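Me: Got a model open here. Can you walk me through a few contacts?
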Amino acid sequence: MEKDYAGLNTLPMIHPRATEEIGGIIRMISELIDKGYAYEQGGSVFFMPQKFHEYGKLSGKKLEELEAGSRVEVDEQKRSPFDFVLWKPKKEGEPSWSAPWSDGRPGWHIECSEMARRYLGETIDIHAGGVDLIFPHHENEIAQSECANGQEFARYFMHNGFINIDNKKMSKSLGNFFTVRQIAAEYPYPVIRFLLLSAHYRKPLNFSRQLMDAAAQSLTRLGNAYNRLKELTAGEKIPSGDENWDFSAFPQLHKIKQDFIQAMEADFNTPDAITAFFELSRLANTEVSEQTPPAERVAYLRLFAEFSFILGLELKAETVLLDAEIQQKIEERQRARQAKDFARADQIRQELLQQGIILEDTREGVKYKRSHTPSEK
């Protein structure tokens with residue numbers, strides 16, 4: 001996971017483990033019992049959602065509209081079918097910890113509430129997760145945390161849509177399940193990040209080789225434009241991108257930046273932000289030359305750096321081969337081998353390796369796979 005985070009240029013973060021937070025979890029459960037929001041029964045502790053009058057404010061679900069046994073766990077020890085577990089007694093073979101109610105383990109929801117309070121505070125700015133977590137998980141987190149802390153739990157919730165594979169929902173049962181690591185074996189991590197940004201995070205994201213190839217081409221176009229600007233501003237310090245520069249002296253750049261900001265402020269509308277990025281790339285390719293005043297060239301470079309920094313995109317001027325182009329190279333290599341021109345065949349293999357393409361000669365013919373990054377050899 002940490003390797004994939006680093007590859008996708010995700011900021012460092014805390015990785016708490018629920019097994020190391022048991023003391024705090026027990027304290028929060030005790031607080032909820034003392035305040036009358038939870039009760040112990042037979043070694044288990046249950047939270048009573050009906051005691052929290054705002055229950056359902058995130059999902060829009062009302063307790064009276066829910067049917068017992070559908071989205072709620074039926075348990076004879078519960079006073080109400082809507083009550084959910086905070087602590088449960090251990091079962092044979094399960095890990096367990098000592099608590100005032102029994103040797104057991106915490107429920108899923110309470111773990112998150114305690115870890116959020118410890119590491120982020122009683123009120124956190126942004127809470128994220130898949131759309132499938134809205135109910136019951138995040139709804140239960142809100143109830144527990146706000147009852148225990150007496151504060152708003154989260155100011156904003158960001159729920160991401162699901163990933164589809166070739167327009168079908170990704171699932172293990174359909175055999176179309178891929179991990180980031182598996183995709184990174186064929187495409188560089190920055191390409192995966194670009195594809196993720198190309199769709200709004202709340203909407204479903206379709207994954208296919210065609211879309212990955214298109215993402216690779218798009219990222220290369222941005223990288224080529226950025227590299228050209230660096231060549232035109234040789235001798236200037238390459239900007240880091242984490243500064244908020246004023247482009248009011250350059251009307252076209254100022255407008256593009258405002259379009260970018262407007263998109264990002266519209267619930268992180270990264271597709272529209274990328275559209276603004278490509279408009280910047282287009283202008284950089286058509287309007288900037290050696291005759292352009294140095295200050296303007298540097299301004300273009302700065303805006304490129306700012307956009308790529310905000311989106312977390314690593315721009316490189318390198319060509320990512322598409323499947324059809326790889327096949328053409330393989331066929332050319334086969335012709336060279338048939339002509340006993342092994343020097344040319346080896347040269348083609350090396351050229352592909354430099355583009356991150358690894359060839360494998362098998363009994364079924366030549367196969368290829370993409371390495372994580374193009375070879376530096």
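**Salt bridges, helices and a sheet**

Me: How many salt bridges does the count come to?
Reply: The count comes to 19 salt bridges. Keep in mind that this is a predicted model.

Me: Give me one. Which side chain meets glutamate 31?
Reply: Arginine 117 does, in a salt bridge of 3.1 Å from N to O.

Me: Switching to helix packing. At what angle do α7 and α9 pack?
Reply: About 45°, with the axes 10 Å apart. Helix α7 covers residues 209-232, and helix α9 covers residues 270-287. The two are therefore oblique to each other.

Me: Left-handed or right-handed crossing?
Reply: Left-handed.

Me: Which residues make the contact?
Reply: From α7: Ser218, Arg221, Leu222, Ala225, Arg228 and Leu229. From α9: Phe277, Phe278, Ser281, Ala284 and Asn285.

Me: And by class?
Reply: The contact of α7 with α9 has 6 nonpolar, 3 polar and 2 charged residues.

Me: Now the sheet. What order do the 3 strands have?
Reply: The order is β9-β8-β10, in an open sheet with mixed pairing.

Me: Which are the edge strands?
Reply: β9 (168-169) and β10 (205-207). Each pairs on one side only.

Me: In what sense do β8 and β10 pair?
Reply: Parallel, over 3 bridges. Strand β8 is residues 163-165.

Me: What stands opposite leucine 205 in β10?
Reply: Isoleucine 163.

Definitions and conventions
Residues numbered from 1 in each chain as written. Predicted model: local features only at pLDDT ≥ 70, side-chain atom pairs only at ≥ 80, totals over all residues. Heavy atoms only, no water. Axes fitted to C-alpha atoms, helices over the stretch in contact; angles between N-to-C directions. Helix = DSSP H or I, 4+ residues; strand = E, 2+ residues; numbered from the N terminus. Parallel < 35°, antiparallel > 145°, perpendicular 65-115°, else oblique. Left-handed = near helix turned anticlockwise from the far one by under 90°. Contact = heavy atoms within 4.5 Å. Nonpolar A, V, L, I, M, F, W, Y, C, P; charged D, E, K, R; others polar. Pairing = 2+ DSSP bridges. Salt bridge = Lys/Arg side-chain N within 4 Å of Asp/Glu carboxyl O.
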